[in-house]
Amino acid sequence: MNSNTSTDSTIKLNEASLSRLPGNVRVPKYDRHQITNGIVHIGVGGFHKSHQALYLDNYFHQHPGSDWGICGVGLLDYDYDRRMRDALWSQDCLYTLVERSPKSDRARIIGSITRYLFAPENRQAVIEAMANPECRIVTLTITESGYYYIEGSGEFDVSHPTIQHDLHHPDQPIGTYGFLTAALEKRRQQGLAPFTVLSCDNLQGNGDMVRKMLTTFA
């Protein structure tokens, strides 16, 4: 996730080093500090970083000072989410995207993720981010396993250990539905409108799936 200036020197990617990158590397030309987090995204991985975050980076170049910045969230206490946390935190949530074609490779720095939360270390911070009035959309790339449905019947897997934990510990959730429900309840108590839950992964019928599973859990 670092950017190379040549074969014999490496620049550590962060906001302070953007001006030192080669001229053929596109960098954010907008003020990232003027962007607010209208979107909280669960499941920051390669797909999200090369699609949704890329599109928003393009948007911010056209509309500086936007309120559609991304607060990324890692829910799982696994090596992948820990590595993502370490990489993004050390790089001011910037990362390098390489677009490849038969003609050439083009590198650009994406700045649309302005905050990253690692839920196992601070679950309340994740709930607060979703309950914040600035948040209007919670997007998901959680793959099939993150929906907690029973394959074959399509019914809610209420016996799954993650679901059982969140039903019995609503203030300390570990799964997607537990966090969404806790944040929506907090918004209701504060008189705020609910956010939109938007599935962005490749599970067929993911919008219908998350609506059914979330309402069943709630």
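**Briefing: helices, loops and backbone angles in a predicted model**

Cys93 sits in the loop that joins α3 to β5. This is a predicted model, in which local features need pLDDT of at least 70, side-chain atom pairs count only at pLDDT 80 or more, and totals for chains, interfaces and linings use all residues. Residues are numbered from 1 along each chain as its sequence is written, and side-chain values use heavy atoms, with hydrogens and water left out.

**Whole chain**

- The protein chain has seven helices and nine strands; helices (H or I, at least four residues) and strands (E, at least two) are DSSP runs, numbered from the N terminus.
- The radius of gyration is 18 Å, close to the 17 Å that the globule rule gives for 218 residues, so the chain is as compact as a globular protein of that length.
- That radius is taken over C-alpha atoms, and the globule rule is 2.2 Å times the number of residues to the power 0.38.
- The C-alpha trace spans about 55 × 40 × 30 Å along its principal axes.
- Of the 218 residues, 46% are buried; buried means under 20% relative accessible area, exposed over 50%, and partly exposed in between (1.4 Å probe, protein chains only).
- Among contacts with a separation of 6 or more, 71% are between residues 24 or more positions apart; a contact means heavy atoms within 4.5 Å.

**Helix α3 and what follows**

- Helix α3 (residues 79-90) has twelve residues, which should span 16 Å at 1.5 Å a residue, and its end C-alpha atoms are 16 Å apart, which agrees.
- The expected span of a helix is 1.5 Å times one less than its number of residues.
- Asp81, Met84, Arg85, Ala87 and Leu88 are the buried residues of α3, and they pack against α1 (46-50), β4 (70-74), β5 (95-100) and β7 (113-118).
- An α-helix has 3.6 residues a turn, so residues three or four places apart point the same way.
- After α3 comes Asp92, with a positive phi near 55°.
- Cys93 also has a positive phi, about 65°, although it is not a glycine.
- At 6% relative accessibility, Cys93 counts as buried.

- Thr162 belongs to helix α5 (residues 161-168) and is buried, at 14% relative accessibility.
- Not counting residues up to four places away in sequence, Thr162 touches Tyr148, Ile174 and Gly175.
- Helix α6 (residues 176-189) has 14 residues and reaches 20 Å from its first C-alpha to its last, close to the 20 Å expected.
- The buried residues of α6 include Tyr177, Phe179, Leu180 and Arg187.
- The buried residues of α6 pack against β3 (39-42), α4 (123-131), β8 (137-140), α5, β9 and α7.

- Thr143 lies in the loop between β8 and α5 and is partly exposed, at 44% relative accessibility.
- Thr143 is not a glycine, yet its phi is positive, about 60°.
- Most residues other than glycine have a negative phi.
- Cys200 lies in the loop between β9 (196-199) and α7 (206-217) and is partly exposed, with a relative accessible area of 23%.
- Leaving aside neighbours within four places in sequence, Cys200 is in contact with Phe47, Gln52, Thr139, Leu140, Thr141 and Asn206.
- Cys200 and Arg82 are 118 residues apart along the chain, and their C-alpha atoms are separated by 22 Å.
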